[in-house]
Amino acid sequence: MNAQFPISTSPVYVPIQRIYREKRLPSKFQLAKNATSAVFRVAKAVIRGESVTVDNATMEARLTTCEQCEYYRPKDGRCAHVKCGCYLKSLLLKKTKLATEKCPAGKW
Ligand code: SF4
């Protein structure tokens, strides 16, 4: 038995701990509620003739902020804030690209 490292600080255990302590997403009900609100905001912008997306520089700046945020989940690129749960850098649809969205923690 190797007593050199206590299990909680061993070089192998620490990365495993980080994976399992990934921040939890909001409940499925809350996610559905948040997504529905986002769809309504986009629909409202389209009806008003407003822009739905932001330029790439704005999107990159938002993403940089997210990647340094305590709610950011590097595993899947999602926000774990209770009022969010969105994908921030998926290929198809990302919150950081939508002009109608804002950070629930007020960071952008
Ligand atoms: S959207 Fe806001 S709260 Fe969520 S990860 Fe980005 S900066 Fe953090």
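**Pro26 and its surroundings**

I looked up the contacts of Pro26, leaving aside neighbours within four places in sequence, and found Leu31, Asn34, Val82 and Gly85. Two residues count as in contact if their C-beta atoms, placed from the backbone, lie within 7 Å. I note that this is a predicted model, where local features need pLDDT of at least 70, side-chain atom pairs count only at pLDDT 80 or more, and totals for chains, interfaces and linings use all residues. Residues are numbered from 1 along each chain as its sequence is written.

I placed Pro26 in the loop between helix 1 (13–20) and helix 2 (28–48). Helices (H or I, at least four residues) and strands (E, at least two) are DSSP runs, numbered from the N terminus. I then checked Pro26 against Cys79: they are 53 residues apart in sequence and 9.4 Å apart in space, C-alpha to C-alpha.

**Whole chain**

I counted three helices and two strands in the protein chain. From the N terminus they run α-α-α-β-β. Of the 108 residues, 14% are buried. Among contacts with a separation of 6 or more, 54% join residues 24 or more positions apart.

**Ligand shell**

I listed the residues around the ligand, among them Cys66, Cys69, Cys79, His81, Cys84 and Cys103.

Methods:
A residue is near a molecule or strand if its C-beta atom, placed from the backbone, lies within 6 Å of it. A residue is buried if 20 or more other C-beta atoms lie within 10 Å of its own, exposed if 12 or fewer, and partly exposed in between; C-beta atoms are placed from the backbone.
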